[in-house]
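Subject: Structure for your review

Dear colleague,

Please find the structure below, together with its sequence.

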Amino acid sequence: MNQRSQVYVTRLIPEAGLAMIRDRCDARLWEHELPPPKEVILEQVSDCEGLLCLLSDDVDGEVMDAGDLRVISQFAVGVDNIDLEAATQRGIPVGHTPGVLTDATADLTFALIMAAARRIPEAVDKVRSDEWRTWEPRGLLGADVWRATLGIVGLGRIGTAVARRARGFQMEILYNDPERSMEVEEELDATYRSLEALLELADFVTIHTPLVDETRHLIDRAALRRMKPTAVLVNAARGEIVDTEALLEALEKGWIARAALDVTDPEPLPADHPLVGMEHCIVVPHIGSATTTARTRMAEMAAENLLAGLVGQTLPYCANPQVYEAGTR
Ligand code: DGY
């Protein structure tokens, strides 16, 4: 980088990453709470070599063609908001932040499992609304997590980290994934099942697949109908993996007992959406990676990717490595 590159950063990310970027580039920043409108991104990238974006920004071929981008750096591990194929075709490497949010997201998943099983939000509401009168032998009865059966859909980094936590609760671990992992089966005593069998057997079904064409609405009406009426569905991956209308029907009709969602479709879910008002549904605002450590490291990794891409180096954490194989970079 002889002269300072122009880059556009679509939100205030943690200072650790911003400082690295400002040190080496002229960075323009969208400082508002809500994502920049598409027109703003199109205008801003027109004279930029680098774009640092978030999962709420739609980064398609139009954005890529609006400027002369050398790199796109996503502040997240999931890149379903970015047209990866279009980036690869244009020779633009896309960076992301794998690994550093695995444990934070697995912790949150476990928090959702526990909160749904033991009805924590309802219990808190009861105290807040001054309805706690006495110790109730039949009040707020929940489900056991200890030794229950956990069905993990998608045994990647986060799914495996959830399985590791489940061992501590002596849960029976079932999983489904396009690839079997003998290592995880051995280490964590996890059993591979077809998706159908997993849905039928699990007390808790937790989703950890990426959002791709094959997983959009993977949990649809038919899938929900297979689950136990006592089961809990947890989603800390991407909202569109679950068919929202089907989930609503499943909860209303008692096909499943509860749901706990860190991600929704649409996202954000409006406060007057029926799922938000349901006692047996917990919705939190996509906070899986929201620990200081994880978000700081994500910012540093996003900056490392951006800076590497600007000087034509291979991105340390690249979501479309084919871009290098294709020889377009
Ligand atoms: C991701 O990184 O993809 C999460 O959804 C947000 O941290």
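The notes below concern the ligand site and a pocket.

This is a predicted model, in which local features need pLDDT of at least 70 and side-chain atom pairs count only at pLDDT 80 or more, while totals for chains, interfaces and linings use all residues. Residues are numbered from 1 along each chain as its sequence is written, and side-chain values use heavy atoms, with hydrogens and water left out.

- A polar backbone atom of Gly78 is 2.9 Å from an oxygen atom of the ligand.
- A polar side-chain atom of Arg238 lies 2.7 Å from a ligand oxygen atom.
- An N or O atom in the side chain of His286 is 2.7 Å from an oxygen atom of the ligand.

On its own the ligand has 230 Å² of accessible area, of which the protein covers 90% (Shrake-Rupley method, 1.4 Å probe).

The second largest pocket holds about 340 Å³ of space (a pocket is an open set of points on a 1 Å grid where a 1.4 Å probe fits, with protein on both sides within 12 Å along at least five of seven lines; lining residues have an atom within 4 Å of a point; the volume is the space filled by probe spheres set on the points). Its lining has 21 residues, with Pro121, Glu122, Asp125, Met278 and Glu279 nearest the centre.

Yours sincerely

Definitions and conventions
Polar contact = N/O pair within 3.5 Å; in protein donor to acceptor, adjacent residues only side chain to side chain.
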